[in-house]
Amino acid sequence: MKKVLSVAILIAIIAALVTCPGEEAHKEAIMNEMNNSIDTAIKDKTGLGDNKISKGLSQIASGIASKILKPALALSLTVDNYYVFSVGKIGIDDNPKTVSIGAFGHVFTTFDAKDL
């Protein structure tokens, strides 16, 4: 039983090492979260629901946000790789905020629309 458990743990560690997300995956997850928040805000604020006008407004706002956010992320996002997981932080001062955690090929964002 101990041998099987040891092998399973070893396989999990190797899988985590191989699938640890890098900086680009963190940037993509943050951008997706931003776009989702923009879509939700437009639908909620305009009361238009899910029609062509709200979709058009969402695309315009997402395009503008990505033009601003990509350079901002390039300057302020740091990704610390701990081999089995990675942590994305944003901050220019000495106290950066954790905004994403990546493991097993997926990045989880740690902020919501209120933080944006």
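Is E24 buried or exposed? E24 is exposed, with a relative accessible area of 57%. The model behind this briefing is predicted. It holds three salt bridges. Its largest nonpolar core has eight residues in all.

- E23, E24 and K27 are linked in a network of salt bridges.
- One link joins K27 to E23, with 3.5 Å between the closest N and O atoms.
- Helix α2 covers residues 23-46, and K27 and E23 sit four residues apart in it. That spacing puts about one helical turn between K27 and E23.
- Another link joins the side chains of E24 and K27, at 3.8 Å from N to O.
- E24 and K27 are three residues apart in helix α2, so about one helical turn separates them.

**How open the network residues are**

- Which accessibility class does K27 fall into? K27 is buried, with a relative accessible area of 19%. Buried means under 20%, so K27 falls within that class.
- E23 is partly exposed, at 36% relative accessibility.
- E24 is exposed at 57%, because the exposed class takes values over 50%.

**The D80 and K89 pair**

- Which residue does D80 form a salt bridge with? The partner is K89, and the closest N and O atoms of the pair are 3.6 Å apart.
- D80 counts as partly exposed, with 27% relative accessibility.
- K89 is also partly exposed, with a relative accessible area of 21%. Buried means under 20%, so K89 does not count as buried.

**The largest nonpolar core**

- Which residues make up the largest nonpolar core? They are I30, M31, M34, L69, L73, L77, V99 and F111.
- Helices α2 and α3 each supply at least two residues of this core. Helix α3 covers residues 52-76.
- Helix α2 gives the most to the core, with three residues.
- In soluble globular proteins, nonpolar side chains tend to be buried together.

- Helix α2 holds the pair K27 and E23 and the pair E24 and K27.

Conventions
Residues numbered from 1 in each chain as written. Predicted model: local features only at pLDDT ≥ 70, side-chain atom pairs only at ≥ 80, totals over all residues. Heavy atoms only, no water. Salt bridge = Lys/Arg side-chain N within 4 Å of Asp/Glu carboxyl O. Buried < 20%, exposed > 50% of the residue type's maximum accessible area, 1.4 Å probe, protein only. Core = buried A, V, L, I, M, F, W, Y, C linked by side-chain atoms within 4.5 Å.
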